[in-house]
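Please look over the sequence and the model shown here. The paragraphs after it go through selected parts of the fold.

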Amino acid sequence: LIPRYSYFATAGTTVATELFVTILMMRLIARELASSPSMMRLAKALIAGVLMAIVIYLAPHTLMAGTIASLVYFPTLYILGGFTAEEVRRVLGLRGS
């Protein structure tokens, strides 16, 4: 498949695999946290993702781009209410303070 279709096959296979893993992880997280993702939360994640993409596009292409991306994405998502401190504690298995 890869020699015939080159990087298009590789990209398509990667996207399909990541989509499959994402769906499975969403189901696992929904079961473990006893909640399911809402459309509002997905919209907030999309907004944070778009902002992160803009920053990466404008940033110099260095190894720091991933760090810069996470320093933009996670605080933006937290400010928008995409997740709470309690949810972070639950996912990490920490007790509330």
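Is glutamate 87 buried or exposed? Glutamate 87 is buried, with a relative accessible area of 18%; buried means under 20%, exposed over 50%, and partly exposed in between, with a 1.4 Å probe and protein chains only. This is a predicted model, in which local features need pLDDT of at least 70 and side-chain atom pairs count only at pLDDT 80 or more, while totals for chains, interfaces and linings use all residues. Residues are numbered from 1 along each chain as its sequence is written, and side-chain values use heavy atoms, with hydrogens and water left out.

Glutamate 87 lies in helix α4, residues 85–92 (helices are DSSP runs of H or I with at least four residues, numbered from the N terminus). Apart from neighbours within four places in sequence, glutamate 87 is in contact (heavy atoms within 4.5 Å) with Arg41 and Gly82.

Helix α3 covers residues 65–79. Its buried residues are Ala65, Ala69, Val72, Tyr73, Thr76 and Leu77. Seen down the axis of α3, these fall within an arc of 110°, so they line one face of the helix; the arc is that of the directions from the helix axis to the C-beta atoms. The cover over the buried residues of α3 includes α2 (39–58). On the face turned away from the buried side, α3 carries the exposed residues Leu71 and Ile79. Glycine 81, with a positive phi near 85°, follows α3.

Methionine 25 belongs to helix α1, residues 2–33. Methionine 25 is partly exposed, with a relative accessible area of 41%.

Methods:
Helices (H or I, at least four residues) and strands (E, at least two) are DSSP runs, numbered from the N terminus. The expected span of a helix is 1.5 Å times one less than its number of residues.
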